[in-house]
Amino acid sequence: SAGTATGATTVALNLAMELSLLDKKTLLIDANFEAPAVASLLALRSINEGHTWRTIAPNLYAGELSQETTQDIHQLLHGASEEFDFIIIDLGAAGRITQKMTDRRLLGRTRLEELIDELKQTSLSAQPTFLLNGKSPSRKGDSEEPSFQSIISDLGQRATFTLPKDHRAIENSLAERATLAEVSERSSLRKGLASIAAQLAS
């Protein structure tokens, strides 16, 4: 995520659920050290079960990383990649960016540009996939996507996706401590996530 409170954890959890519903064995890892939230969103005290992954639903497993356990991250991910079809990692907001920025003072576009600058300095070999989350349903949304595309156009992204703004579906999910597939099956946000999952799984 390019900033805090952008819905990254909600997207990660629900995308993992949608993949599992497609019979893809999926692992969701909460690696947001400063503010882990996956367990809370599912009304669980913890998603840690020693050295094993906790079963959340059929084909869906979850675990939480700490700064200490990241020492074994390469071995852990190597083992997980042989066991799971998909691994979704919720990293939270990019560390150095949020140290330098305050969400209320800077526009999302600025945060995204800062994030891209940092990604360019990494040695990531995979092509990134970007998601425009919370696209406005009004005419404003028509200008949001071209602006988003112009920012990421030179990063060599694998794909880009968009998700609609849907406060009611999110509120239902939070109130019930459940995924969108369970409580807001027909919402536009759930349908958008299901579509992304289907594309990734194809």
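The model is predicted, so local features need pLDDT of at least 70 and side-chain atom pairs count only at pLDDT 80 or more, while totals for chains, interfaces and linings use all residues. Residues are numbered from 1 along each chain as its sequence is written, and side-chain values use heavy atoms, with hydrogens and water left out.

The largest cavity holds about 50 Å³ of space, a volume being the space filled by probe spheres set on the points, which are joined across faces, edges and corners. Its lining (residues with an atom within 4 Å of a point) is made up of T10, L13, N14, L41, I170, S173, L174 and A178. Two or more of these residues come from each of α1 (8–21) and α7 (167–176); helices are DSSP runs of H or I with at least four residues, strands are runs of E with at least two, and both are numbered from the N terminus.

Two residues other than glycine turn up with a positive phi. For D23, in the loop between α1 and β1 (26–30), phi is about 65 degrees. D23 is exposed, at a relative accessible area of 63%, where exposed means over 50% with a 1.4 Å probe and protein chains only. A43 sits in the loop between α2 (38–41) and β2 (48–49), and its phi is near 60 degrees. A43 is exposed as well, with a relative accessible area of 52%.

Note on methods
On a 1 Å grid over the protein atoms alone, a cavity is a set of points where a 1.4 Å probe fits but cannot get out, and a pocket is an open set with protein on both sides within 12 Å along at least five of seven lines; lining residues have an atom within 4 Å of a point. Buried means under 20% relative accessible area, exposed over 50%, partly exposed in between (1.4 Å probe, protein chains only).
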